[in-house]
Amino acid sequence: MRLKFQKYILHAVGFSLAAFLMFPVLALFVASAPHGLLAGLQHPLVWPALRLSIFTTSSSLLVVVLLGTPLAWSLAQSKRTTGQLVETLLQLPLVIPPSVAGIAMLLAFGSRGLLGALVHPMGTSAFTTAAVVMAQVFVSAPLFIQSASSAFRRMDSKLIVVAQTFGASPFRIFFRVALPLALPGLAAGAALSWSRALGEFGATLMFAGNLEGKTQTLPLAIYTAFQTDIGAAQAISIILVLVAFALLLLVKVFMKKAEKNP
Amino acid sequence: MRKQRGLHMNISAQVGSLEVEVALGMGSETLVLAGPNGAGKTTLLLLLLGALPCKKAHIQIGETLVADSASNLHVPTEDRHIGYVPQEYALFPHLSVRENVAFALRSRSSQKKSLVEKQVEAALQNFGIAALADKKTCILSGGEKQRVALSRALSLKPHALLLDEPLSALDICTRKSTREFLLGTLKNLSVPSIVVTHDAAEARMLGQRIAIMESGKITQMDTWEALSKNPKSAFVEAFVSGSNCLTHKCE
């Protein structure tokens, strides 16, 4: 009896946190919007923001995967100490506050930043769609790099040595052995990094501004709509939650696959 | 002048906490490398392959010098022409049997595709695995995997062959027939080969000579008969007396 009771207490304590985490998400779906969700979706901010979000996140994902995969491979191949040091440094964008990321981006690439003259040779405004993509790459790449390099590390290192004894070139080993074997891990990393880019708010706001149709992605549109029309904000939020959930499921599926055939 | 066909090494290296110090020469024979776990047997193979850095090395395969720290020579793994079959064979799990062999043959060769394909088929025939050509390697039995690994490594006509515990991944039933097959393959080979094993019976059967390695050094190297007549360490004595308790304890 006493044993059972203690077990229940432990469950109850844990459950309270789970409930706290789930309740706001539930509220998004059940709380009724002032003039309905469909009306909210017709708010003039929604479609330009959705288009922009899809365009910018696919661009940033492309950049992250194309440049991040070789980087992760080099990290996985490098000596343990140096590799780990570099990897830790590359994780920094994950833990620094988004507003700090925004300031850092401004100081580096803003029109008055260190590389300002290079990035904006005509003295153009920093508030461009390209800036949105840059902010997204900055905050989302570490997630991909982390998951990709651990996928490469999970691979049996003997496979690489054996391929080398055949005289296989580094390109051949990368494309024909490492890449196919790490693919599930890479896909999981891509999904994770995409969801992070999709939700990116703080750095974008500070570095790229909040210009409708140009730099106003879905999270920024929520912020703007929230000040006048909470229904629209709620509708966009629901879209983002659904997309995020789908990505989360995708990550889980890929992770399972990655663990099955290392 | 007679052609040199052996393998000569003089290696000193620090790998983790293990200090490896090995100098030995062999002809085109099969040398068995035995010793307790952690003695550095696999490490020695990786040093020979150039997959781990040596402090000092002088390695000659046939007439080719592949490493010589005196002249700062370090031929990369890709150009050493050493066949290597690691423990559990390291077949490419995402490729079929045919693709595994083809991967090896296509890696260095600039030959025409049709010619390489012919070589692949010949290699599969030679090792009796033509019927498995389109199967994925993960569904093969241990004995079949070994044949694929051997055909893949030998199809490139390596100048030396290194086998790391080629029979340890097998169950007892297939072990005997696979051992016979391995023995036949090694006998037909005219290059120096090193076989790592834990098993005294295997060592006796496969190796013309047996090198005993203990904590990074070769403590004794001789024929089975000479080892059993005059064992120089407790490990050798236990190893040749067939009790094999030392090795089994480690496993």
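Student: What area do chain B and chain A bury between them?

Tutor: The model is a predicted one. The size of an interface is often given as the accessible area lost when the parts come together. Carbon and sulfur atoms account for 70% of the area buried here. Between them, chain B and chain A bury about 1800 Å².

Student: Which residues of chain B lose the most area to chain A?

Tutor: The contact draws 24 residues from chain B and 16 residues from chain A. On the side of chain B, three residues together make up 31% of what is buried there. They are Glu78(B), His94(B) and Phe103(B).

Student: How many residue pairs are in polar contact between chain B and chain A?

Tutor: Salt bridges between chain B and chain A number zero. For polar contacts, both residues of a pair must be at pLDDT 80 or more. On that basis, the count between the chains is five.

Student: Which element gives the largest share of the side of chain B that touches chain A?

Tutor: The elements of chain B that contribute two or more residues to this side are α1 (41-49), β7 (82-85), α2 (97-108) and α4 (142-154). By type, the residues of this side divide into 16 nonpolar, four polar and four charged. The largest share, six residues, belongs to α2(B).

Student: Which helix of chain A gives the largest share of the nonpolar patch?

Tutor: The patch lies on the surface and has about 1100 Å² of accessible area together; its members include Phe20(A), Phe23(A), Leu26(A) and Leu242(A). Leu26(A) is found in helix α1 of chain A. Nine residues, the largest share of the patch, come from that helix, α1 (residues 2-30).

Student: Which residue does Arg153(A) meet in a salt bridge?

Tutor: Over all chains, the count comes to six salt bridges. Arg153(A) lies in helix α8 (residues 129-154) and its partner in helix α4 (residues 80-90) of chain A, so the pair ties together parts that are 66 residues apart in sequence. At 3.0 Å from N to O, the partner of Arg153(A) is Glu87(A).

Technical notes: Residues are numbered from 1 along each chain as its sequence is written. Chains are lettered from A and ligands numbered from 1 in the order in which they are written. This is a predicted model: local features need pLDDT of at least 70, side-chain atom pairs count only at pLDDT 80 or more; totals for chains, interfaces and linings use all residues. Side-chain values use heavy atoms; hydrogens and water are left out. Contact means heavy atoms within 4.5 Å. Buried area is the accessible area (1.4 Å probe) that two parts lose on being put together, summed over both. A salt bridge is a side-chain nitrogen of Lys or Arg within 4 Å of a carboxyl oxygen of Asp or Glu. A polar contact is a pair of N or O atoms within 3.5 Å; within protein, one must be able to donate a hydrogen and the other to accept it, and residues adjacent in sequence count only if both atoms are side-chain atoms. Helices (H or I, at least four residues) and strands (E, at least two) are DSSP runs, numbered from the N terminus. Ala, Val, Leu, Ile, Met, Phe, Trp, Tyr, Cys and Pro count as nonpolar, Asp, Glu, Lys and Arg as charged, and the others, Gly among them, as polar. Patches are made of residues with over 30% relative accessible area and no salt bridge: like charges are joined within 9 Å, nonpolar side chains (Val, Leu, Ile, Met, Phe, Trp, Tyr) within 5 Å. Accessible areas come from the Shrake-Rupley method with a 1.4 Å probe; for residues, only the protein chains shown count as cover.
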